[in-house]
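This report describes one protein chain for a reader who has not seen it before.

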Amino acid sequence: MKEKILNPDHSEVKALTNERPYPAVLVLAGNDPSGGAGLSADLLTLASLGCHPLPVVTAITVQDSATLDDFLVMEPDWVVDQARMVLEDMPVEAFKVGMIGSVENVAAITELVSDYPDVPLVLDPVLASGSGSPMADDDLVAAMRDMLLPQVSVLTPNSLEARRLAVNDPDGDDDPDLDECARRLLALGPAYVLITGTHEGSADVVNVLYGPEGRIREDRWPRLPGSYHGSGCTLASALTAFLAQGVEIGEAVREAQAYTYQTLAHAFRPGMGQFIPDRLFWSRDEAGPENPEEDAGAEPE
């Protein structure tokens, strides 16, 4: 007879099992030592929403909550070896890609995910830091367009990133509106494009999900006062979490936005720079706004 294992209060410890209670998500992104963006944001968000995150480091950054000072890009072999070691050990329900760092890493990640065509891939095209420091040159952008976008399930650019990805000649006079940007981006291969309106200066933040037939849904959120570090990472990872759990795309987009809004409404400022979203807001004692309309609001940097 197997002996029961008891907690100190004599309650029975749940038996160990080989079942997978949480969907695993492989995350490829840069490390942010401030804990605001990058892998830190991804891991906290995914775990908060009931997923088991598997972090793969693509770059190491020197930054705080205010500025990005420098970054070191991992060699593509290191990126792929990290990922393959885990993928050969356990199945994953989704991929999430953030900062890539180099053209070589774009090629390596594209080859990696092409072996898993049935696993959804969310790409948050990190082209600049929240403070505006560049994190991708024109060659990297071109490589993303040509190689990685055809593999993407959902692309999640803000409006600035959408325009840069959609315009083939960065030195030209082409200035498409966001609907046209979405049309061009969809033509490059992603199944869906979610463009966020943080940088548009409107009274509300307007986020639009596009698919092959055009606009699928539009969501408006009150613009929060303040500047946030890692909110775009939070939104993309939240969306990945819901897709990993089998939620339909439209509902997943809505739920991811609602979660992100709450992280921003509960944001805190641990340093001298931007506010950091509280991805564990639900674990705090104090109650936050139940609906966005009850509070002034904002959205991803």
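Of the chain's 301 residues, 50% count as buried. The model is a predicted one. Eight helices and nine strands are found in the chain. Its accessible surface is about 14500 Å², and carbon and sulfur atoms hold 51% of that area. Among contacts with a separation of 6 or more, 68% are between residues 24 or more positions apart.

Nonpolar side chains tend to be buried together in soluble globular proteins. In this chain, the largest nonpolar core has 43 residues, and the members that touch the most others are L26, L123 and L148. Leaving aside residues up to four places away in sequence, L148 touches I100, V106, I109, T110, V113, L121, L123 and A143. Another core, of 26 residues, lies apart from the largest one and includes V27, L46, A94 and L194.

The axes of helix 4 and helix 5 come within 10 Å and cross at roughly 80 degrees. Angles from 65 to 115 degrees count as roughly perpendicular, and helix 4 and helix 5 are therefore roughly perpendicular to each other. The residues that make the contact are listed below.

| Helix | Residue range | Residues in the contact |
|---|---|---|
| Helix 4 | residues 138-148 | D138, V141 and R145 |
| Helix 5 | residues 159-166 | R164, L165 and A166 |

By class, this contact of helix 4 with helix 5 has three nonpolar residues, three charged residues and no polar ones.

Note on methods:
Residues are numbered from 1 along each chain as its sequence is written. This is a predicted model: local features need pLDDT of at least 70, side-chain atom pairs count only at pLDDT 80 or more; totals for chains, interfaces and linings use all residues. Side-chain values use heavy atoms; hydrogens and water are left out. Axes are lines fitted to C-alpha atoms, for helices over the stretch in contact, and angles run from 0 to 180 degrees between N-to-C directions. Helices (H or I, at least four residues) and strands (E, at least two) are DSSP runs, numbered from the N terminus. Angles under 35 degrees count as roughly parallel, over 145 as roughly antiparallel, 65 to 115 as roughly perpendicular and the rest as oblique. Contact means heavy atoms within 4.5 Å. Ala, Val, Leu, Ile, Met, Phe, Trp, Tyr, Cys and Pro count as nonpolar, Asp, Glu, Lys and Arg as charged, and the others, Gly among them, as polar. Buried means under 20% relative accessible area, exposed over 50%, partly exposed in between (1.4 Å probe, protein chains only). Accessible areas come from the Shrake-Rupley method with a 1.4 Å probe; for residues, only the protein chains shown count as cover. A nonpolar core is a set of buried Ala, Val, Leu, Ile, Met, Phe, Trp, Tyr and Cys residues joined through side-chain atoms within 4.5 Å.
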